[in-house]
Amino acid sequence: MSSPVTPSSTSAAIAAAVRAGSPLVQYLTNFVSMDIAANVLNAVGASPAMVHDAHESGEFARIASAVGINIGTPSPSWVDGMVAAAEAAHEVGTPWVLDPVAVGATTYRRDIVARLVQHRPTVVRGNASEILAMATSQAGGRGVDSVAVSSAALDAAAELARQLSTVVVVTGVEDVVTDGTRTAVVHGGHAWMPMVTALGCSATALVAACCAVDDDPFEASIAAMAMLAAAGERAGARSEGPGSFRVALVDELALLDDVRLSSVRVDRS
Amino acid sequence: MSSPVTPSSTSAAIAAAVRAGSPLVQYLTNFVSMDIAANVLNAVGASPAMVHDAHESGEFARIASAVGINIGTPSPSWVDGMVAAAEAAHEVGTPWVLDPVAVGATTYRRDIVARLVQHRPTVVRGNASEILAMATSQAGGRGVDSVAVSSAALDAAAELARQLSTVVVVTGVEDVVTDGTRTAVVHGGHAWMPMVTALGCSATALVAACCAVDDDPFEASIAAMAMLAAAGERAGARSEGPGSFRVALVDELALLDDVRLSSVRVDRS
Amino acid sequence: MSSPVTPSSTSAAIAAAVRAGSPLVQYLTNFVSMDIAANVLNAVGASPAMVHDAHESGEFARIASAVGINIGTPSPSWVDGMVAAAEAAHEVGTPWVLDPVAVGATTYRRDIVARLVQHRPTVVRGNASEILAMATSQAGGRGVDSVAVSSAALDAAAELARQLSTVVVVTGVEDVVTDGTRTAVVHGGHAWMPMVTALGCSATALVAACCAVDDDPFEASIAAMAMLAAAGERAGARSEGPGSFRVALVDELALLDDVRLSSVRVDRS
């Protein structure tokens, strides 16, 4: 049913295109992730721009190469800016990626996500409990960490992808990418990754950067996950804990090359 | 008058309970501290959630295991969110910790703190000048760094603890914890700690995490200070300046064990 | 036409004055730079205070030793706070530094900068495309990274300095400081600097810190650039990528001494 494919020549090509093209990635994200997400984007060669307010977010989305929208620390004026950016991105055909942080935790977040999905995200990236909450419109999950089991989440991801005509990325010990028909599982990374805050948010930013240079959001999402998996493995090998791991991860993202990327195992089915 | 007590078996037990229980800590904090406070919480095994807006902060406080409220970069809508969270926490009996950053510096901050203390913080954590300003309701201090001398601050801390029926933590070269009757002085840490921004804010987050797993906020506060003191000493031994110290501190918080925690000297009186 | 001057004894004296005086630097900055800018200020011995809201920003500017205003992630309430701080700083004669992040990218940013310059910044610090956009009031630039060539930017910088009676700092591979008459080029730094987010914002913060202790904003700006150049070179020599470079940069800023500062080449003309 699944056929291991290595190396991921497509992922290497997409990573190279990001570095060559330096796509402008507008990321409307939460306060916790601002620093690490911008540094992760810089490390892979993209150009981050954290332009969030409705007075300019729509205007900026029209010149951006991709947009990421992350609801981690929402408030009404930020949501207005997010909706304006999503609307503009959808209108001009710019890919945009939704990160529904802790969507199951409060009514407010469920309402925000309901507004945003009307503007048709190109990709939705979350952890298992967030994807489950979106797919089932139910409460659940305590915050940014997932408590859901994997198999139910996988079915929910594929169903959600079909419902929204989007690609869904579920990150965890393994990262799953699905468009409702095709599925890929990306292996790698390191056990310290969940102990570093906002790496999920940074993954969303990387998906946006890859969507900026490739028309297939399914392959772009796989490439983004492969970049993190490869860099994470190498960072783990030279770190002493989550603090030094985070630093090394940014280094390794900047040092990624085809050989390192091709060491990532990707199972497709 | 004081009896040195080592090892702090209670602190080790509390730290272990945080790691085992992974308490959900809602932290409404300033923009400077978002990243380091979340990483510090993750490192000790807690689960951070920076949920701040009044549209959800009260709802979230009802499911959180502990709440921290830090006024470092306040604005009206954030204060509304803080009040809603404090009110909800107090109502359902969830412990909450107040960090009155630079309360003496502006009228606005004194007014904010006056509103928040009506909802009975479980612990107040500040530096000497902040605690003095709160206890005396007077202006003073220039910002996040303390200029006050220690002995006056200690008297003020005990008085404040009695006034508010709370535990007061005064951090500095030594950290003092008092409930107005009992007092403990926690030794350790490193000279680079004051050069790393938002470690005080991170200390507040750790106090909240410890209060989530222990009913005695006095012992919980001591445990939080002991964790920072132990990790800080070890981090200092392998750092070259405040940049690498900060990274190593997160590593060492993740690597804390009973032996390391029991090396912290705590004087009780 | 230009006469190399080494060592920069003035820069060393200014850096020493920052460490000795620990000036209180109020920085109203964007969300991405909060952490690194505060840590950079701490590392050189200044005392950062991120006080932004109009309820206190003007009051605080009256007690600050210098003010920095950075429009990187603007919204209406923040702009109100920025204007209040700029107005108060100008009124009491406190030096203030403007960082017109991505001013060419949106109409909103051009309007904000137009409001702020009415309060006469002491120094304007930007990259080449930002300075060009300010000088010509034209759109251009995609965000925080410069796409403009250097010679046109230099003419624009001198013209802008004369127009506004300010000092203009253009950062890039080399950093240029001009007051419209005098010009200095500061050499040094490292190729990883542009890959670390918010180092430009941190440079602005350093300029403010140096202006707090020296009456000549031209020499203060040179000193700030020399500090970054010296620390950047040393950090680059012991880093493996942009992640570890950023950490080492904070270390090296804390370890700066006269010998290291005097190794920076400054061409004056």
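Predicted model: local features only at pLDDT ≥ 70, side-chain atom pairs only at ≥ 80, totals over all residues.
1. As for the elements involved, at least two lining residues of the largest cavity come from each of α2 (34-43) and α10 (242-255) of chain A, α2 (34-44) and α10 (242-255) of chain B, and α2 (34-43) and α10 (242-255) of chain C. By class, the lining of the largest cavity is made up of eleven nonpolar, six polar and six charged residues.

2. The structure holds three cavities of 30 Å³ or more, and the second largest cavity contains about 60 Å³ of space. Its lining includes Phe31, Val32 and Asp35 of chains A, B and C, together with Met34(A) and Met34(B). α2 of chain A and α2 of chain B each contribute at least two residues to the lining of the second largest cavity, which by class has eight nonpolar, no polar and three charged residues.

3. Turning to the relation between the copies, chain C can be superposed on chain B with an RMSD of 0.0 Å by a turn of 120 degrees and a shift of 0.0 Å along the axis, and that is the relation of a three-fold axis. Within chain C, the C-alpha nearest the axis belongs to Phe31(C), at 3.8 Å from it; Phe31(C) is also one of the residues lining the second largest cavity.

4. Only 11% of the interface residues of chain C are interface residues in chain B as well, so the copies meet through different surfaces.

Conventions: Residues numbered from 1 in each chain as written. Chains lettered and ligands numbered in written order. Heavy atoms only, no water. Least-squares fit on C-alpha atoms with pLDDT ≥ 70 in both. Contact = heavy atoms within 4.5 Å. 1 Å grid on protein atoms, 1.4 Å probe; cavity = no way out; pocket = protein on both sides within 12 Å on 5 of 7 lines; lining within 4 Å. Points joined across faces, edges and corners; volume = space filled by probe spheres on them. Helix = DSSP H or I, 4+ residues; strand = E, 2+ residues; numbered from the N terminus. Nonpolar A, V, L, I, M, F, W, Y, C, P; charged D, E, K, R; others polar.
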